[in-house]
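Please keep the structure open beside them and look for each part as it is named.

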Amino acid sequence: MKEENQIEINNVTHAYQTDDGPLPVLKNLNISVPINSFVAVVGPSGCGKSTLTRLIAGLMMPDEGEVRLHGEVITSPKSSVGMAFQNPVLLEWRSILKNVLLPLEIVSNNLSQKQKVDRAMSLLSLVGLEGFEDKRPSELSGGMRQRASLCRALVHRPEVLILDEPFGALDAFTREDLWQIMHELRKEEAFTTLMITHDLRESVFLADQVVVMSGRPANSQFVLDVTLGNERTLEDLYTEKSVKMLAKLRHEIQIAQGRSTKTEENA
Ligand SMILES: Nc1ncnc2c1ncn2[C@@H]1O[C@H](COP(=O)(O)OP(=O)(O)O)[C@@H](O)[C@H]1O
Ligand SMILES: [Mg+2]
């Protein structure tokens, strides 16, 4: 157990039992996410990225190895984890405010109703949704719904935020807006993030570290330290440094997909 890590995936091996026999998905996977850092996980389609998020969320137990949150082995879902997915699962019969308030109704806390509303409203205002709190989900654009979904994931101040391709369904410009909003949220709130994405630019723009998972059964094939400062603008993605990091990641993905070999390049 290392104190400084908020999330630790230690030697995790997992297979699904299917009609055709066991399907090995993860094999000796190791990932460490330091407190308050942001780790992005990329990898070939079907390599086990969503499986990883379910293990961290405590929705499943690995066959072998362990997942630790703040040093504690996870055996069931924890309220210290907030989650958001590609399709924000907002309840249509509730207003945006009431959707964001939902975790505070479920997770035990000693906040008054006013404190809960103030907390939800401050997050909504941080992501630019002030004035939309009384709307229904269907009255909002996809990008706005995803902003609301981020507010809901963070409203109960979870230590850990798990994002599974949260911006994958959005158009390119809306996605870039959401990247900026993620940076704003991180400036204002303390949480540790593990984000699954298939967008390499997104991983470099948002993360402190990018983990490339291998093909199935997946382990951690490569880890990139993103050497950009905390203040990032979209222009930073076009600098020589970023272009090199993106090329390296793309190369590693090709290896993971079995389309390239390790020996080709080591830059
Ligand atoms: N509940 C399940 N039962 C059987 N196979 C599953 C189940 N969930 C996922 N799989 C399979 O496990 C592999 C990894 O799935 P997943 O973690 O969703 O991959 P990713 O998110 O990286 O695309 C895929 O081949 C998928 O079809
Ligand atoms: Mg997935």
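1. Before the helices are compared, note that an axis here is a line fitted to C-alpha atoms, for helices over the stretch in contact, and that an angle runs from 0 to 180 degrees between N-to-C directions. Please also bear in mind throughout that this is a predicted model.

2. With that in hand, turn to helix H2 (residues 96–106) and helix H4, which pack at an angle of about 30° while their axes lie 7 Å apart. Angles under 35 degrees count as roughly parallel, and H2 and H4 are therefore roughly parallel to each other. Their crossing is right-handed. On the H2 side the meeting residues are Ile 96, Asn 99, Val 100, Leu 102 and Pro 103, and on the H4 side they are Ala 148, Cys 151 and Arg 152. Sorted by class, this contact consists of 6 nonpolar residues, 1 polar and 1 charged.

3. How far apart are the axes of H4 and H5? For H4 (residues 142–154) and H5 (residues 172–188) the distance is 10 Å, and the packing angle is about 25°. That angle makes H4 roughly parallel to H5, and H4 passes H5 in a right-handed crossing. H4 contributes Gly 142, Gly 143, Gln 146, Arg 147, Leu 150 and Leu 154 to the contact, while H5 contributes Thr 174, Asp 177, Leu 178, Ile 181 and Leu 185. This contact holds 5 nonpolar, 4 polar and 2 charged residues.

4. The next part to find is an open sheet of 6 strands, which follow the order E6-E7-E8-E3-E9-E10 with mixed pairing. Strands E6 (81–85) and E10 (220–225) are at the edges and have a single partner strand each, so one side of each is left without a neighbour in the sheet. From one strand to the next, the twist averages 15°.

5. Which element gives the largest share of the shell around ligand 1? Helix H1 does, with 3 residues, and the elements that give two or more residues are strand E1 (5–18), strand E2 (21–34) and H1 (49–56). The residues surrounding ligand 1 include Tyr 16, Val 25, Gly 46 and Lys 49, and by class the shell has 4 nonpolar, 6 polar and 1 charged residues.

Methods:
Residues are numbered from 1 along each chain as its sequence is written. Chains are lettered from A and ligands numbered from 1 in the order in which they are written. This is a predicted model: local features need pLDDT of at least 70, side-chain atom pairs count only at pLDDT 80 or more; totals for chains, interfaces and linings use all residues. Helices (H or I, at least four residues) and strands (E, at least two) are DSSP runs, numbered from the N terminus. Angles under 35 degrees count as roughly parallel, over 145 as roughly antiparallel, 65 to 115 as roughly perpendicular and the rest as oblique. A crossing is left-handed if the near helix is turned anticlockwise from the far one by less than a right angle, and right-handed if clockwise. Two residues are in contact if their C-beta atoms, placed from the backbone, lie within 7 Å. Ala, Val, Leu, Ile, Met, Phe, Trp, Tyr, Cys and Pro count as nonpolar, Asp, Glu, Lys and Arg as charged, and the others, Gly among them, as polar. A residue is near a molecule or strand if its C-beta atom, placed from the backbone, lies within 6 Å of it. Two strands pair if DSSP finds at least two bridges between them.
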